[in-house]
Amino acid sequence: MKVSEKWLREWIDTPQTLDAIADKLTMSGCEVEARDPVATAFTGIVVGHVLEREKHPDADKLSVCKVDNGQGETLQIVCGAQNVRAGIKVPLALIGAVLPLPDGKELKIKKGKLRGVESFGMLCSSTELGMSDKSDGLLELPQDAPVGADIRNYLKLDDEVIELAITANRGDCMSMIGVARETALVMDVPLHVPEIPAQAAHHDDAFPVDIQAADACPRYAGRIIRNINPQAPTPVWMQEKLRRAGIRSISATVDVTNYVLLELGQPMHAFDLDTLQGGIVVRYARDGETLVMLDGQTATLRSDTLVIADAAKPVAMAGIMGGEPTCVTASTRNVFLESAHFRPAKIMGKARSYGLQTDSAARFERGVDPDMPFKAMERATQLIVEICGGEVGPLVDTCADASVLERKSILLRPERIRRVLGVVMDDAGVEGVLARLNCEFSKSDAGWQVQAPLARFDLTIEEDLIEELARVRGYDSIPAELRARAPRIAQPSETAVGQGRLRNLLVARGYQEAVTFSFVDPKMELTLAPTADNITLANPISADLGVMRSTLWSGLLRSVAYNLNRQQYRVRLFEIGPAFHQDADGKPQQRTMLSGMITGNLYPEQWGQANRPVDFYDLKGDVEALLEQVTGTQFYFAPVAHAALHPGQSAEIMTQRDVVGWMGALHPRIEEKLGLEQPVYLFEVDLGLLTQRTLPKYQAISRFPAIRRDLALLVKQDVLAVALENAVKKTAIPQLVSYYLFDVYSGKGIPDGQKSVALSLILQDFSRTLEEAEINRIVDAVIASLQKEVGAVLR
């Protein structure tokens with residue numbers, strides 16, 4: 001938000017310097033990002049009147065002009081501007097005038113010759129005066145500009161513009177009234193709000209308004225003004241205020257709507273009444289409808305976009321931009337003025353989704369005073385009639401949801417102020433700030449019942465009001481000291497598996513934590529997860545950050561490649577973060593994932609033991625260490641085909657109910673694509689399925705001896721260890737206290753397609769020593785279960 005100092009001082013009464021004002025605003029939260037003069041420090045430039053203009057005898061692009069300098073002299077000046085002509089008034093640099101140049105030097109105007117013709121001064125553009133970065137020719141002044149007047153005094157160029165960084169919650173400060181109100185608040189000075197008189201109607205013509213989308217547009221005000229003068233020039237004072245705010249002058253009617261936008265913060269739009277049919281309808285667009293925007297682009301509308309339509313078609317994208325076919329032109333005589341209130345949630349992000357960025361959208365997205373449409377309409381009407389004339393019609397103010405004008409009551413308690421700020425504020429100080437905020441309040445035993453002004457829609461809870469007290473008092477006046485506070489002990493869950501525990505474990509195993517973008521390259525995402533339902537960004541930062549990641553591998557692989565390209569050949573990275581996908585209804589969802597990657601040697605460079613490259617089982621050991629933190633849950637690893645993993649070195653991590661994640665070697669095709677010259681092993685698990693563990697329980701140790709029996713079994717090559725373990729588990733024999741595989745063999749003496757596995761059974765009873773007959777029955781039951789479940793036979 002760009003604010004002219006002179007314009008600001010029309011609203012507030014303070015002797016303080018701009019330095020003091022800027023410091024107060026910055027310390028209160030409206031940071032002053034920049035300060036710039038509205039023009040350079042030139043001298044000797046006056047209003048000149050071009051009396052005659054002739055073509056230069058020896059140069060096609062030059063003109064020889066006779067110019068009245070207002071001092072009883074007519075000067076001959078050679079000019080190269082294309083818009084120079086007899087009758088216009090322009091800035092005239094007299095001989096001796098000084099104009100600062102961009103490189104820090106100065107240009108002093110002297111008598112000279114251009115292609116043989118003498119010139120006694122220079123006609124100036126806005127660029128040469130330092131008022132703009134570029135111009136299309138001479139700066140044309142109004143016809144009533146006094147010839148010979150100092151241009152600096154005439155245009156009031158002894159002014160500075162401050163640029164404020166307005167936060168998302170302070171949309172009220174995106175206007176002169178908002179900035180002035182904020183300045184008056186923090187500096188405790190009077191605020192002068194211009195009176196806006198109601199405009200009397202000269203006819204009864206009214207354009208009907210039908211609000212069909214009250215959830216998005218609770219209020220819409222409109223008015224017809226007939227027989228305006230479309231050729232009326234915009235007053236120089238208005239042009240200058242617009243220019244200093246960064247808005248170019250277009251036409252008187254459009255300039256008025258832009259001026260009201262800056263002055264009151266209420267976006268408005270002027271339609272050519274003669275191009276509208278039937279009446280105004282505020283509704284949602286129909287899929288496929290099109291609208292030619294004011295910038296000439298054609299937008300294909302979606303059904304979630306709010307539009308202003310007439311009886312036949314959309315005529316504006318609500319809160320964003322008007323349509324070209326119904327806009328005010330140089331021939332418009334009858335206008336329909338619009339001043340509406342749109343809910344921020346319905347406008348937020350819509351402009352960006354269509355590739356647009358407008359002043360109206362910036363304000364409606366943050367929020368606009370719902371009581372301002374009526375005031376803005378009266379102010380715009382007043383200015384249009386003063387500048388363009390016209391016959392005013394009645395103001396049609398349609399309110400579809402009166403609750404938008406209701407003020408919420410907030411309880412402000414003295415003890416809460418003391419606890420949050422750490423200081424005691426007396427009642428008079430609190431009430432003084434509330435009054436300057438234009439709040440309505442009443443005192444009670446509990447504190448103050450406060451109703452915030454409608455313009456301050458960011459004040460919704462008690463802490464918001466306390467923040468205002470701190471801002472006005474000054475953050476620097478709050479003592480920086482540690483305050484006593486009552487201890488509050490939170491009882492953590494013993495069964496929760498915290499992310500910190502997993503982080504520490506991986507760090508202890510040599511990993512380093514990485515944080516990568518959630519926005520990733522669509523090509524990389526397609527390579528790693530070709531079947532994922534990706535979420536595409538409507539307005540990405542760049543083309544290679546166009547989708548939300550469905551796997552953390554997208555960012556980690558780039559980090560690994562980045563390190564390898566810089567001679568860091570041993571890399572161990574992990575990341576905890578969200579991964580995104582769409583559900584069956586197309587709604588975005590996210591899961592918290594833990595991913596890791598290793599490559600290079602197993603150990604750091606050292607002399608104590610032989611080194612070797614990492615392999616699949618090194619990664620598997622790290623993953624198993626993670627899974628061991630989730631006690632009470634049994635995890636399995638099973639071969640799986642995965643687009644990102646090596647076909648022979650990939651596994652799915654499972655429980656009895658869910659797929660928890662994946663691990664394996666990176667697919668050679670992807671390694672080649674990324675230019676990786678050494679194998680990379682990676683894993684990813686869903687932390688949402690690893691949040692709870694079972695607490696260990698005490699179990700007595702049997703006083704009786706344990707018996708071990710080893711079985712040598714023949715099974716098919718594709719039988720997994722977990723299948724053997726499940727078959728043994730199904731016997732549910734209490735005396736079978738432990739079992740594990742300790743050998744696998746295939747080769748000589750083993751039939752093709754089979755392998756030999758050695759399984760150890762540990763048998764023990766808590767009340768007696770097992771006898772041989774009992775042991776044999778248990779072993780036979782286990783063998784029978786293995787034969788039934790996996791087809792195992794004894795060797």
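1. Trp 7 is buried at a relative accessible area of 4%, where buried means under 20% relative accessible area, exposed over 50% and partly exposed in between (1.4 Å probe, protein chains only). Tyr 259 is also buried, with 2% relative accessibility. The model is a predicted one, in which local features need pLDDT of at least 70, side-chain atom pairs count only at pLDDT 80 or more, and totals for chains, interfaces and linings use all residues. Residues are numbered from 1 along each chain as its sequence is written, and side-chain values use heavy atoms, with hydrogens and water left out.

2. Searching the whole structure gives 6 aromatic pairs. Rings of Phe, Tyr and Trp (its six-membered ring) pair if their centres lie within 6.5 Å; planes under 30 degrees apart are stacked, over 60 edge-to-face, and the rest tilted. Trp 7 and Tyr 259 are stacked, because their ring centres are 5.3 Å apart and their planes are at 15°. Trp 7 belongs to helix α1 (residues 5-9) and Tyr 259 to helix α6 (residues 252-264), so the pair ties together parts 252 residues apart in sequence. Helices (H or I, at least four residues) and strands (E, at least two) are DSSP runs, numbered from the N terminus. Trp 7, Tyr 259 and Trp 237 make up one aromatic cluster.

3. In helix α5 (residues 236-244), the buried residues are Met 238, Glu 240, Lys 241, Leu 242 and Arg 244. Their cover includes β1 (2-4), α1, β11 (160-165), α6 and α10 (372-388).

4. Thr 326 sits in the loop between β20 (321-322) and β21 (335-341). Thr 326 is buried, at 2% relative accessible area. Leaving aside neighbours within four places in sequence, Thr 326 is in contact (heavy atoms within 4.5 Å) with Ala 270, Phe 271, Asp 272, Thr 275, Leu 276 and Val 315.

5. Helices α19 (residues 721-729) and α20 (residues 772-790) pack at about 130°, with axes 8 Å apart. Axes are lines fitted to C-alpha atoms, for helices over the stretch in contact, and angles run from 0 to 180 degrees between N-to-C directions. That angle makes α19 oblique to α20; under 35 degrees counts as roughly parallel, over 145 as roughly antiparallel, 65 to 115 as roughly perpendicular and the rest as oblique. From α19, Ala 723, Leu 724, Ala 727 and Val 728 make the contact; from α20, Val 782, Ser 785, Leu 786, Glu 789 and Val 790 do.
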